[in-house]
Amino acid sequence: MRKRLNVLEKSLREECGVFGVSGHDTAAELTFLGLHALQHRGQESAGIVTVDDDGTARLHKEMGLVAEAIKPHDLRELRGRTAIGHVRYSTAGESELRNAQPAFVHYRDGSLALAHNGNLTNAAELRARLVGEGAIFQSTMDSEVIVHLIARSQQPDPDRQVLEALSQIEGAFSLVIMVNEEIYAARDPRGFRPLVLGRKGPAIVLASETCALDLIEAEYLRDVEPGEVLKVKDGRIEELPRLAPTVGAACIFELVYFARPDSSIWGCSVDAARRAFGRQLAREHPVEADCVFSVPDSSNSAALGFSEESGIPLELALIRNHYIGRTFIQPDQADRDFKVRVKYNPVREVIDGQRVVIVDDSLVRGTTSRGLVSLVRDAGAREIHFRISSPPIRHPCFYGIDMPTREELLASHLSVDEVRQHLGVDTIGYLSLEGMIGAVKEFGPFCDACFTGNYPAPLTDLEKGLLAAVSSR
Ligand code: 5GP
Ligand code: MG
């Protein structure tokens with residue numbers, strides 16, 4: 001019997017992507033395309049809700065990639081000029097359709113749909129209170145508490161219901177919420193996750209990243225600001241009262257790893273940020289070597305920066321197979337490097353006999369990196385110098401990046417030299433915290449909790465021992 005192996009059972013999982021369109025005849029199609037551009041932010045499920053001119057709302061959501069989950073005949077059913085959508089990567093065990101978004105309900109003022117990127121830090125506490133009051137939850141996701149808070153609000157109109165709900169939640173949220181044909185867009189006051197505003201002709205578009213605007217040829221207007229709550233209807237934008245202000249804490253890991261390099265978030269080109277990290281890394285940890293290469297695709301821009309600064313030629317020495325499905329049959333003879341070999345193959349001609357620099361964007365559990373190092377060694381590398389374009393990750397994220405527990409984070413219990421030995425490389429160098437922040441300081445302030453353990457938003461559920469009660473997404 002062959003064993004089934006989930007080759008994409010990764011050490012970290014992507015977060016979510018959100019999208020919305022107001023006032024366009026092909027709202028569902030544009031949302032489909034927008035979600036496709038945001039696919040890197042979540043590959044587990046995709047969904048779209050639309051509202052047509054008669055006020056009828058329709059939902060389609062399915063497990064899988066956007067193009068698998070939403071077929072042309074589904075799109076034809078999703079009529080209307082208003083749409084929101086979501087792509088999601090859930091945590092293990094909770095990867096099921098009932099946790100896919102948008103969340104969608106009918107309540108006393110009409111239809112209500114919600115797409116959330118981020119993670120609430122008091123969802124379990126709110127959920128316990130709501131359940132105590134008689135609420136019946138349909139999913140285990142934290143985002144569902146927002147739906148209940150809106151639907152159970154005693155406020156007389158949707159504006160005030162939404163504002164009241166938003167004032168009670170803590171943590172990270174970039175939200176698009178559809179109440180009938182109105183879309184509300186909001187970011188938490190610290191602005192952990194990105195959310196941008198664009199225009200396509202008369203229509204207004206919301207998206208996690210600008211790469212989604214590019215695909216549908218929408219013009220970027222500006223970011224939704226931290227704490228800002230907007231209401232969009234028929235292409236018109238209304239500003240509602242802001243959430244209580246506080247110090248900003250944009251997630252710097254978006255720039256390190258998550259966002260696409262062709263996006264611009266919080267006014268910063270992701271490509272430029274990663275190149276700057278790579279250049280700074282080369283200054284902090286210089287080395288004599290014959291070539292430098294990335295671990296495609298996430299560290300491509302950083303490796304380019306490293307090469308530019310050091311003058312060491314950039315090579316394409318690791319080739320990535322892009323066609324790995326979510327599950328994969330493991331041959332009987334598979335060894336522990338199999339997962340890595342399925343995804344990457346070294347170009348022996350480039351590596352053989354050379355002193356090489358491998359630039360990766362981050363080191364999490366070290367499993368991928370360790371496997372890669374042995375592949376590169378087997379391909380004949382004479383020396384391997386590992387360079388990481390972010391500091392050691394020592395603390396879990398509670399704001400929407402699904403990091404493993406502290407014990408599983410390699411750098412939480414090993415010194416830098418022990419990490420070097422564990423990977424089996426000749427030298428290792430992490431970008432310093434100061435070097436990383438310094439390279440992008442005009443776009444901050446940033447949340448750097450995964451590197452420092454300084455958590456900017458309260459960790460209510462964790463402190464009250466409630467964390468297991470709710471999905472971490
Ligand atoms: P490790 O060697 O620690 O097992 O894995 C490091 C690799 O994981 C790096 O190449 C980095 O790009 C990637 N990585 C970092 N964060 C995430 C994430 O949230 N999801 C996935 N799938 N990969 C990640
Ligand atoms: Mg990577």
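Trainee: What is the strand order in the open sheet of seven strands?

Mentor: The order is β4-β3-β5-β2-β11-β10-β12, and the pairing is antiparallel. Strands here are DSSP runs of E, at least two residues, and helices are runs of H or I, at least four residues, numbered from the N terminus. Two strands pair if DSSP finds at least two bridges between them. Bear in mind that this is a predicted model: local features need pLDDT of at least 70, side-chain atom pairs count only at pLDDT 80 or more, and totals for chains, interfaces and linings use all residues. Residues are numbered from 1 along each chain as its sequence is written, chains are lettered from A and ligands numbered from 1 in the order in which they are written, and side-chain values use heavy atoms, with hydrogens and water left out.

Trainee: Which strands stand at the edges?

Mentor: β4 (57-63) and β12 (219-223); each has a single partner strand, so one side of each lacks a neighbour in the sheet. From one strand to the next, the twist averages 15 degrees.

Trainee: How many bridges join β2 and β11?

Mentor: Four, between residues 17-22 of β2 and residues 203-207 of β11, in the antiparallel sense. Phe-19 has Ala-207 in β11 as its bridge partner.

Trainee: Which strands does helix α1 lie across?

Mentor: Helix α1 (residues 27-37) lies across β2, β3 (45-51), β5 (82-88) and β10 (196-200), at about 25 degrees to β5. Axes are lines fitted to C-alpha atoms, for helices over the stretch in contact, and angles run from 0 to 180 degrees between N-to-C directions. Contact means heavy atoms within 4.5 Å.

Trainee: Now the open sheet of four strands. Parallel or antiparallel pairing?

Mentor: Parallel, in the order β18-β22-β23-β24. The edges are β18 (291-294) and β24 (427-430), each with a single partner strand, so one side of each has no neighbour in the sheet. The twist there averages 20 degrees from one strand to the next.

Trainee: What stands opposite Arg-387?

Mentor: Gly-429 in β24. Strand β23 (residues 383-388) pairs with β24 over four bridges in the parallel sense.

Trainee: And which strands does α13 touch?

Mentor: Helix α13 (residues 367-378) packs on the sheet and touches β18, β22 and β23, its direction making about 150 degrees with that of β23.

Trainee: Is Cys-447 buried or exposed?

Mentor: Buried, with a relative accessible area of 9%. Buried means under 20% relative accessible area, exposed over 50%, partly exposed in between (1.4 Å probe, protein chains only). Cys-291, at 3% relative accessibility, also counts as buried.
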